[in-house]
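Trainee: Could we go through this structure together? I would like to begin with the aromatic residues.

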Amino acid sequence: YQRRVRGYAPGPGQGPPAQGLAEGMTVRFRCKTGKNLRITKQSVVDGNGGTGTWATFQVHVFGPGQYGFVNQVQQWLAIKHGSVTQTPLYNDPDASFLLHLNPDSSVSLESYTHRGQHVGVKRRHGHSKLTRAHKPSSKLYIEVVY
């Protein structure tokens, strides 16, 4: 089963179903920068990714509405010590996220461990930042790769 969602913001029926990212799905997160969320070789999370291994994530379901995202070089997206970062550990509690669906078909990723802290990306330079609530910088658009 292979499906590709085209465009910046998926329309109705093009994104995953509500709370419906499935175990093993491969996705990318389109940011306000127009590029994808990525974890770089230097372990920096930013919004300047393309479509390669650093910006393509496999979904892991840890529980109802609780997800983990690992890129193709085995770096897990995480929120640690007040910043958006990565961890190499599968069972790191800081790598667990709640998925919030927004009315415009975007999602927000809230830390499961650090409630109220969301993954965000600055529009101008694409640097990652920690947001404290649902703000425009925390909106991500899911592209289902397969």
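Trainee: How many aromatic pairs does the structure hold?
Mentor: This is a predicted model, and the structure holds seven aromatic pairs.

Trainee: What about W76 and Y90: how far apart are the centres of their rings, and at what angle are the planes?
Mentor: The ring centres of W76 and Y90 are 5.3 Å apart and the planes stand at 70 degrees, so the pair is edge-to-face. The cut-off for that class is over 60 degrees.

Trainee: Which parts does the pair tie together?
Mentor: W76 belongs to strand β6, whereas Y90 sits in the loop between β7 and β8, so the pair ties together parts that are 14 residues apart in sequence.

Trainee: And is W76 buried or exposed?
Mentor: W76 has a relative accessible area of 4%, so W76 is buried.

Trainee: Which rings form a cluster?
Mentor: F29, F57, Y67, F69 and F97 are linked into a cluster by ring pairs.

Trainee: Let me turn to the core. Which residues touch the most other members of the largest nonpolar core?
Mentor: That core has 24 residues, and L21, F29, F69, L77 and L109 touch the most other members. Of these, F29 and F69 also belong to the aromatic cluster.

Trainee: What does L77 touch, leaving out residues up to four places away in sequence?
Mentor: With those left out, L77 touches L37, I39, V45, F69, V84, T85, D94, A95, F97, L109 and V119.

Trainee: Back to β6, then. How many bridges join β6 to β7?
Mentor: Strand β6 covers residues 76–80, and five bridges join β6 to β7, the two running antiparallel. They form a hairpin with two residues between them. Strand β7 spans residues 83–87 and is mostly covered, with four of its five residues buried.

Trainee: Which residue in β7 is the bridge partner of K80?
Mentor: The bridge partner of K80 is S83. K80 itself lies in strand β6.

Trainee: What polar contacts does the side chain of K80 make with D92 and D94?
Mentor: The side chain of K80 makes a polar contact of 2.7 Å with the side chain of D92. Another polar contact, of 3.1 Å, joins the side chains of K80 and D94. Not counting residues up to four places away in sequence, K80 touches T85, Q86, T87, D92 and D94.

Trainee: What about the phi of S105?
Mentor: Phi of S105 is near 75 degrees, again a positive value in a residue other than glycine. S105 is in the loop between β8 (97–101) and β9 (107–111). Its relative accessible area is 35%, so S105 is partly exposed.

Trainee: Another loop, please. Where is H127 found?
Mentor: H127 is in the loop between β10 (118–121) and β11 (128–131). With a relative accessible area of 43%, H127 is partly exposed. Setting aside residues up to four places away in sequence, H127 touches D46, G120, V121 and K122.

Trainee: What separates the C-alpha atoms of H127 and V84?
Mentor: Those C-alpha atoms are separated by 9.8 Å, while H127 and V84 are 43 residues apart along the chain.

Trainee: Now for β12. Which way do its residues point?
Mentor: Strand β12 comprises residues 141–144; Y141 and E143 point one way, I142 and V144 the other way, and all are buried.

Trainee: How many bridges join β1 to β12?
Mentor: Four bridges join strand β1 (residues 26–30) to β12, and the two run antiparallel. Within this pairing, R28 stands opposite E143.

Trainee: Finally, the overall picture: how many helices and strands are there?
Mentor: The protein has zero helices and twelve strands. Buried residues make up 49% of its 146 residues. Among contacts with a separation of 6 or more, 48% come from residues 24 or more positions apart.

Conventions. Residues are numbered from 1 along each chain as its sequence is written. This is a predicted model: local features need pLDDT of at least 70, side-chain atom pairs count only at pLDDT 80 or more; totals for chains, interfaces and linings use all residues. Side-chain values use heavy atoms; hydrogens and water are left out. Buried means under 20% relative accessible area, exposed over 50%, partly exposed in between (1.4 Å probe, protein chains only). Two strands pair if DSSP finds at least two bridges between them. Contact means heavy atoms within 4.5 Å. A nonpolar core is a set of buried Ala, Val, Leu, Ile, Met, Phe, Trp, Tyr and Cys residues joined through side-chain atoms within 4.5 Å. A polar contact is a pair of N or O atoms within 3.5 Å; within protein, one must be able to donate a hydrogen and the other to accept it, and residues adjacent in sequence count only if both atoms are side-chain atoms. Rings of Phe, Tyr and Trp (its six-membered ring) pair if their centres lie within 6.5 Å; planes under 30 degrees apart count as stacked, over 60 as edge-to-face and the rest as tilted.
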